Amino acid sequence: PASPALPRTPSPRPAAEGRPRRSAARWAVRAAFALPFVAVALLSRDSPWQPTANTALAARGDLVRWGDTDPSWMADVFPPLSAALSSLVGGNALALNLLAAVVLGFTLQRLAAVLVREGFGTGATAAVLSILVLSPPLYYLAANDLESLLGVALLVLALDGIASFVEQRST
């Protein structure tokens, strides 16, 4: 005998991707979160300091062979997502830093949307995001290690997806 289907109840909370509700407002929030990291990237571009992790990433990005049907080259560039992004921007240090700023803009906007969706107040959401945006390690990570920053961003996205799936039965 077939088991009865569980009734689906509508979720009282909208999805995180829909916060803020208007698309223009979401883009404005993303830009606002990315702006301090863009400023640091632009101000530090003439620095003699070379970010070692991004330099290694640029070298791996040079190994990407677009259009090659033999996938064996991927073993030399693992993880391929960050190497592909580095290849697309030509391994340019400033471009990698600006890409990190864009990733942070999207990630912090998504985190803010999740906090709002979960019912945290404006003060608590602002406090959490302020702590992140004002923390020097995040600026260091953005300026030095795009690969690790992408890992953190994907982790935030994955945890939100898991929470959405478990709590809201969102498939």
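This is a guided tour of one predicted protein model, stop by stop.

**Before starting**

Residues are numbered from 1 along each chain as its sequence is written, and side-chain values use heavy atoms, with hydrogens and water left out. Because the model is predicted, local features need pLDDT of at least 70 and side-chain atom pairs count only at pLDDT 80 or more, while totals for chains, interfaces and linings use all residues.

**The whole chain**

Display the protein chain as a cartoon. The chain holds 8 helices and 0 strands, where helices (H or I, at least four residues) and strands (E, at least two) are DSSP runs numbered from the N terminus. Along the sequence the pattern reads α-α-α-α-α-α-α-α. Of the 171 residues, 30% are buried; buried means under 20% relative accessible area, exposed over 50%, and partly exposed in between (1.4 Å probe, protein chains only). Among contacts (heavy atoms within 4.5 Å) with a separation of 6 or more, 69% join residues 24 or more positions apart.

**Helix H5**

Select residues 93-117, which form helix H5. The 25 residues should span 36 Å at 1.5 Å a residue, and the end C-alpha atoms are 36 Å apart, which agrees; the expected span is 1.5 Å times one less than the number of residues. At the start of H5, select Asn92: one of its side-chain oxygens comes to within 2.8 Å of the backbone nitrogen of Leu94. Just after H5, Gly119 adopts a positive phi of about 90°.

**The largest nonpolar core**

Next, select Phe33, Phe37, Leu104, Leu108, Ala142, Leu146 and Leu149, the residues with the most contacts inside the largest nonpolar core, which has 19 residues. Such a core is a set of buried Ala, Val, Leu, Ile, Met, Phe, Trp, Tyr and Cys residues joined through side-chain atoms within 4.5 Å. At least two core residues come from each of helix H1 (23-43), H5, helix H6 (122-133), helix H7 (136-144) and helix H8 (146-168). H5 gives the most, with 7 residues. Centre the view on Leu108: not counting residues up to four places away in sequence, Leu108 touches Phe33, Phe37, Leu129, Leu132 and Val133.

**Aromatic pairs**

Rings of Phe, Tyr and Trp (its six-membered ring) pair if their centres lie within 6.5 Å; planes under 30 degrees apart count as stacked, over 60 as edge-to-face and the rest as tilted. The count by this rule is 3 aromatic pairs. Select Trp27 and Phe106: the ring centres are 5.4 Å apart and the planes stand at 90°, so this pair is edge-to-face. Trp27 lies in helix H1 and Phe106 in helix H5, 79 residues apart. Trp27 is partly exposed at 46% relative accessibility, and Phe106 is partly exposed at 34%.

Move to Phe37 and Tyr139, whose ring centres are 4.3 Å apart with planes at 25°, so this pair is stacked. Phe37 belongs to helix H1 and Tyr139 to helix H7, 102 residues apart. Both residues, Phe37 and Tyr139, are buried.

Select Asp160 in helix H8. Asp160 is buried, with a relative accessible area of 5%.

**A cis peptide bond**

Finally, select Phe78 and Pro79, which are joined by a cis peptide bond with omega near -5°. Pro79 sits in the loop between helix H3 (74-77) and helix H4 (80-88).

Methods
A polar contact is a pair of N or O atoms within 3.5 Å; within protein, one must be able to donate a hydrogen and the other to accept it, and residues adjacent in sequence count only if both atoms are side-chain atoms.
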